[in-house]
Amino acid sequence: MNLQNDRFIKACLGEATDRTPIWLMRQAGRYLPEYNATRAKAGSFLALAKNPTLATEVTLQPLDRYPLDAAILFSDILTIPDAMGLGLSFEAGEGPRFSKPLRTEADVAKLRVADLSQLQYVFDAVSEIRRALIQGSSQRVPLIGFSGSPWTLACYMVEGSGSDDFRTTKTMLYQRPDLMQKILDVNIQSVTAYLNAQVDAGAQALMLFDTWGGLLPDGWYQKTSLLAMQKVIAGLRREKDGQRIPILVFTKGGGIWLKDIAQCGADVIGLDWTYSLARARQELVQNKATVALQGNFDPLALFGTPDQITLEARRILDDLSQSPVIKPGLHALDGHVFNLGHGISQFTNPEHVTALVETVQKHSQILRTQ
Ligand code: CP3
């Protein structure tokens with residue numbers, strides 16, 4: 001099946017495109033009234049995520065509203081610990097909770113690699129979304145599959161919920177590094193098998209969300225979260241039907257570790273808004289790293305006026321276009337996927353997203369012809 005729009009895949013693999021591709025982390029979500037309507041129909045967020053037909057419906061909603069360059073599977077990173085039997089629930093307005101978090105040696109001893117048959121609904125959603133993306137004889141845009149990183153999953157599995165400082169998790173890390181390592185090992189195996197099964201079901205790129213890697217001290221990050229992601233990546237399928245499957249790694253707060261992350265085997269490094277693309281590109285090129293970049297637009301900059309959003313998006317593109325290229329013959333803007341520096345806020349005005357997408361598409365094309 002040919003892709004009508006392969007800009008996202010090309011940018012991930014460091015190939016030239018006519019303009020910069022854009023998609024948004026959490027592009028299917030509560031800022032869209034149509035998402036809220038489907039979620040109400042499902043009854044709850046988890047019921048929505050576990051229903052492949054409704055998950056397909058919400059995956060396509062942002063693509064029908066905006067000319068985005070990629071679809072992302074509608075699911076959650078917490079499906080893996082849910083399948084491990086930790087008892088996941090989402091209280092309205094409160095975020096995730098596990099009724100059986102991992103606190104003791106006995107809890108960890110009982111932990112087993114996730115049974116993929118418990119996650120069949122995810123693979124069914126991937127296949128159904130792939131079918132729904134077909135238009136005529138080709139596919140509109142590629143589909144991204146994803147997982148939480150082993151460390152970020154461990155944070156929720158030990159803490160039992162979100163947290164300001166993940167104190168319980170870090171207590172285990174420092175007091176019982178052996179227990180934490182056991183959890184990470186189980187997560188590495190689970191995440192690897194889960195992502196490979198998403199590829200088998202039809203995912204065309206894979207992203208690791210390492211939301212809490214940035215909580216770790218320098219040194220601990222590399223030997224804990226990054227090493228675990230490197231082990232996952234080493235076990236992933238990199239090709240399907242003759243197409244390379246790009247791997248994207250996003251450590252929130254990870255800009256300072258860019259050069260280390262560039263060695264982990266990923267094709268693309270995601271950046272939040274604390275580290276500019278221009279600075280990142282400069283450092284990577286100095287280190288002869290040809291890895292692509294994703295992200296960087298502050299999601300809360302979408303709370304500015306449409307004119308301010310336009311200026312902010314242009315600033316990011318203008319800065320990168322003055323930076324070194326990753327390979328001879330490319331434009332400085334090649335090898336970048338425009339995205340937010342973290343998930344879109346539920347309070348975002350959907351019309352402001354239109355301003356962002358239009359600006360990126362127009363301006364990134366103009367800069368390439370100059
Ligand atoms: O990007 C997409 O559109 C795909 C869907 C997606 C969701 N979660 C849907 C979701 C993805 C890629 C995620 C990843 C995820 N989930 C992460 C990593 C990225 C990040 O944001 O840091 C994390 C840490 C989670 C865990 C999680 N899921 C939390 C902490 C919460 C509650 C907080 C919140 O934003 O409400 C969720 C719930 C969740 N996952 C929602 C959505 C659309 C909102 C739930 C709802 O509709 O009530």
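Analyst: We'll start with the ligand and then turn to the strands. This is a predicted model: local features need pLDDT of at least 70, side-chain atom pairs count only at pLDDT 80 or more, and totals for chains, interfaces and linings use all residues. Residues are numbered from 1 along each chain as its sequence is written, and side-chain values use heavy atoms, with hydrogens and water left out.

User: Which residues come nearest to the ligand?

Analyst: Arg26, Arg30, Tyr35, Arg39 and His342 come nearest, out of 23 residues around the ligand. A residue counts as near if one of its heavy atoms lies within 4 Å.

User: How do those around it divide into nonpolar, polar and charged?

Analyst: The shell has 14 nonpolar, five polar and four charged residues. Here Ala, Val, Leu, Ile, Met, Phe, Trp, Tyr, Cys and Pro count as nonpolar, Asp, Glu, Lys and Arg as charged, and the others, Gly among them, as polar.

User: What lies 2.7 Å from a nitrogen atom of the ligand?

Analyst: A polar side-chain atom of Asp76 does. A polar backbone atom of Arg26 is 2.7 Å from an oxygen atom of the ligand. For Ala28, a polar backbone atom is 3.2 Å from a ligand oxygen. The cut-off for a polar contact is a pair of N or O atoms within 3.5 Å.

User: How much of the ligand does the protein cover?

Analyst: The protein covers 88% of the 870 Å² of accessible area that the ligand has on its own. That area comes from the Shrake-Rupley method with a 1.4 Å probe.

User: What does β4 pair with?

Analyst: β4 pairs with β3 (residues 88-91), antiparallel, over four bridges. Two strands pair if DSSP finds at least two bridges between them. Phe90 stands opposite Pro96 in β4. β3 and β4 form a hairpin with three residues between them, and Gly93 in the turn has a positive phi of about 70°.

User: New topic. What is the order of the three-strand sheet?

Analyst: The order is β1-β6-β5, in an open sheet with mixed pairing. β1 (2-3) and β5 (134-135) are at the edges with a single partner strand each, so one side of each has no neighbour in the sheet.

User: And which strands are at the edges of the seven-strand sheet?

Analyst: β2 (71-72) and β14 (336-337), each pairing on one side only. That open sheet runs β2-β7-β8-β11-β12-β13-β14, with parallel pairing. Two bridges join β2 to β7 (residues 143-148), and Ile72 stands opposite Ile144 in β7.

Definitions and conventions. A polar contact is a pair of N or O atoms within 3.5 Å; within protein, one must be able to donate a hydrogen and the other to accept it, and residues adjacent in sequence count only if both atoms are side-chain atoms.
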